[in-house]
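Please read the following report alongside the sequence and the coordinates.

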Amino acid sequence: MDNVLTIAGLTKNYGSTPALNNLYMNLQPGRVVGLLGPNGSGKTTLLKLVAGLLTTNIGTIQVCGKPIGPESKALVSYLPDRTYLRSNEKISQQLDFFQDFYADFDRSRAEAMLSNLGISLDQRFGSLSKGNKEKVHLVLVMSRRAKLYLLDEPIGGVDPAARDYILHTIISNFDPDATVVISTHLIQDVEPVLDDFIFLYQGNVVRAGSVDEAREETGKSLDELFREVFRCFPSY
C-alpha cells in the first residue's frame with residue numbers, strides 16, 4: 001500500500017532555533033492520525049511544511065509520491081489554526097471562491113453540511129459566532145476530494161456539543177483512500193476517532209503508532225498515555 005505522506009530526514013530551523021529535528025514519517029491511506037504535543041512542539045510548522053507554505057532546511061516530503069509543489073498542493077486540503085476568510089463576504093461567495101480555486105471542491109457536499117448546521121448561504125461570515133466561523137471553515141476544507149487533510153486545532157474554539165458534530169463531519173467526509181491529520185491538544189475529545197497517533201516534543205517524535213495497540217499494550221487511554229509520556233519532559 002503506497003503512503004499518502006512520506007517524510008524523510010525533515011529538519012526545519014527558524015534562524016538558530018530548531019523547530020523540527022530529523023523527522024521520519026509514513027502515513028497510510030484511510031487513517032485518521034492525531035498529531036499531538038504541547039505548545040511549541042512543532043505541530044503547526046510540520047503541517048505548514050506539508051501544505052507547502054514553508055520550505056524545509058533539510059529532508060524531503062512527498063504527498064502520494066509527489067514532492068512539495070503544485071502537484072502535491074492540489075492533493076492537500078489544509079485548515080489553519082486561524083481563519084483567512086473575508087468577514088464581509090457571504091457564505092455563498094466563499095463557496096464560489098473554493099469552487100473556482102479547487103478542482104476537487106464538492107459544492108453540493110458543502111451546501112448540505114451548512115444546511116445541517118443551520119447556516120444560511122446568505123449570511124455574511126463576519127456576522128457568525130466564533131464557533132460557526134470555525135464550522136464554516138471546516139466544511140469548506142472537508143468538502144474537497146483531497147488525498148490528505150491537515151487540520152490544525154479544528155475543535156479548539158467550539159463548545160463540547162459542537163465538537164461532536166465537527167468530529168463526525170471529519171470522519172464521515174473523507175474518502176477511504178485519503179488520510180486525515182488532526183493537530184490538537186484536546187486529546188480526550190479526539191481519541192475516539194483516531195486510528196494512529198504521533199507524539200511530538202520540541203521537533204522530535206517521541207512515540208507513535210496505532211491507538212488500539214497502544215491502549216492494549218499499556219492498559220491506558222491515549223490521553224493517559226500522553227500525560228505519562230510528557231510528564232517526563234521539562235516545562236510540561
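## Basis of the model

This is a predicted model, in which local features need pLDDT of at least 70 and side-chain atom pairs count only at pLDDT 80 or more, while totals for chains, interfaces and linings use all residues. Residues are numbered from 1 along each chain as its sequence is written, and side-chain values use heavy atoms, with hydrogens and water left out.

## The antiparallel sheet

An open sheet is formed by 4 strands in the order β2-β1-β4-β5, with antiparallel pairing. Because β2 and β5 stand at the edges with a single partner strand each, one side of each is left without a neighbour in the sheet. Strands (E, at least two residues) and helices (H or I, at least four residues) are DSSP runs numbered from the N terminus, and two strands count as paired if DSSP finds at least two bridges between them.

Strand β1 (residues 5-14) pairs with strand β2 (residues 17-27) over 7 bridges in the antiparallel sense, and L10 stands opposite L23 in β2. The two strands form a hairpin with 2 residues between them, and G15 in the turn has a positive phi of about 65°. β1 also pairs in the antiparallel sense with strand β4 (residues 58-63), over 5 bridges.

## Buried regions

The largest nonpolar core has 34 residues, and those with the most contacts inside it are L151, I170, I182 and F199. Its largest share, 5 residues, comes from helix α9 (residues 222-230). A second, separate core of 24 residues includes L5, V50, A51 and L150. A nonpolar core is here a set of buried Ala, Val, Leu, Ile, Met, Phe, Trp, Tyr and Cys residues joined through side-chain atoms within 4.5 Å, where buried means under 20% relative accessible area, exposed over 50% and partly exposed in between (1.4 Å probe, protein chains only). Residues touched by L151 include L47, L79, L138, I170 and I182, not counting residues up to four places away in sequence; contact means heavy atoms within 4.5 Å.

Helix α1 (residues 43-51) is largely enclosed by the rest of the structure, because 7 of its 9 residues are buried. These are K43, T45, L46, L47, L49, V50 and A51. The helix is followed by G52, whose phi is positive, near 85°.

## Surface and backbone details

Y84, F97 and F101 form a nonpolar patch on the surface, with about 340 Å² of accessible area together. Patches are made of residues with over 30% relative accessible area and no salt bridge, nonpolar side chains (Val, Leu, Ile, Met, Phe, Trp, Tyr) being joined within 5 Å and like charges within 9 Å. A salt bridge is a side-chain nitrogen of Lys or Arg within 4 Å of a carboxyl oxygen of Asp or Glu, and accessible areas come from the Shrake-Rupley method with a 1.4 Å probe, only the protein chains shown counting as cover for residues. F101 lies in helix α3 (residues 91-101) and counts as exposed because its relative accessibility is 56%.

C64, in the loop between β4 and β5 (66-67), has a positive phi near 50° although it is a residue other than glycine. E153, which is not a glycine, has a positive phi of about 55°, and is found in the loop between β7 (148-152) and α6 (160-172).
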